[in-house]
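Biologist: Thanks for sitting down with me. Could you bring up the model so that we can go through a couple of its helices together?

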Amino acid sequence: MNPHRCAWATTDLGIAYHDQEWGVPRHDDPVLFEFLILEGAQAGLSWETILRKRESYREAFDGFDPSRVAKYDRRKIAQLLSNPGIVRNRLKVESAVLNAKSFLAVQEEFGSFDQYLFKSILPGLPRQNAWQRTDQIPARTAESDAMSKDLLKRGFKFVGSTICYAYMQAIGMVNDHLVDCFRYRAVARSGK
């Protein structure tokens, strides 16, 4: 018998991501940077598309090392724009470089990007929502609005409120698994 899971997880790749990663609180800066870049790349596309390209992104963006990505020059950006394994959108690729520089500045100021997110943006434990239906889950919140505004002020790109809320869901700042999803309780426990 298959466990009950959130309705959006329907493909093998989506199910694996849902069951193993989505909503689990992440505190390691390399993963936080990875999701920041991937969520920005996803804008206007399906998350499934990004999951299919994730390994290519890891390779193309030097394992999502922000100190390396921040040094990318025009030649490297041109190389990325010819890579069919990633989303070849100039604005998204250039934003990844800008975001790496901004990410490093936040690390310098706060000690880590994790400290910035979990202490400054949403202090305390991750929010444990209790949604009964998918249509109850917001696309953005006051917290994602605030995060977006602050990230934009710090020079980040592709960090609108909807992208920020998807990011918050992905890295476990909020638990948006439906209460009848088999992952809801496990994710809630991992946030404590």
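Biologist: How many of the residues of helix 2 are buried?

Modeller: Keep in mind that this is a predicted model. Helix 2 covers residues 29-42, which is 14 residues. It is mostly covered, and the number buried is 13 of its 14 residues.

Biologist: Which way do helix 2 and helix 6 run relative to each other, roughly parallel or roughly antiparallel?

Modeller: Helix 6 spans residues 90-110, and its axis lies 10 Å from that of helix 2, at an angle of about 150°. Angles over 145 degrees count as roughly antiparallel. Helix 2 and helix 6 are therefore roughly antiparallel.

Biologist: What is the handedness of the crossing of helix 2 and helix 6, and how many residues of their contact are nonpolar?

Modeller: The crossing of helix 2 and helix 6 is right-handed. Helix 2 contributes residues including Leu32, Phe33 and Leu36, while those from helix 6 include Ala96, Ala100 and Phe103. Besides 4 polar and 2 charged residues, the contact has a nonpolar count of 8.

Biologist: Why is helix 9 described as largely enclosed by the rest of the structure?

Modeller: Among the buried residues of helix 9 are Ile163, Tyr165 and Met168. The buried residues pack against helix 1, helix 2, helix 7, helix 8 and strand 2. Helix 9 is largely enclosed because its buried residues number 8 of 10.

Biologist: Which glycine follows helix 9?

Modeller: Helix 2 is followed by glycine 44, with a positive phi near 85°. After helix 9 there is also a glycine with a positive phi, near 80°, and that residue is glycine 172.

Notes. Residues are numbered from 1 along each chain as its sequence is written. This is a predicted model: local features need pLDDT of at least 70, side-chain atom pairs count only at pLDDT 80 or more; totals for chains, interfaces and linings use all residues. Side-chain values use heavy atoms; hydrogens and water are left out. Helices (H or I, at least four residues) and strands (E, at least two) are DSSP runs, numbered from the N terminus. The expected span of a helix is 1.5 Å times one less than its number of residues. Buried means under 20% relative accessible area, exposed over 50%, partly exposed in between (1.4 Å probe, protein chains only). Axes are lines fitted to C-alpha atoms, for helices over the stretch in contact, and angles run from 0 to 180 degrees between N-to-C directions. Angles under 35 degrees count as roughly parallel, over 145 as roughly antiparallel, 65 to 115 as roughly perpendicular and the rest as oblique. A crossing is left-handed if the near helix is turned anticlockwise from the far one by less than a right angle, and right-handed if clockwise. Contact means heavy atoms within 4.5 Å. Ala, Val, Leu, Ile, Met, Phe, Trp, Tyr, Cys and Pro count as nonpolar, Asp, Glu, Lys and Arg as charged, and the others, Gly among them, as polar.
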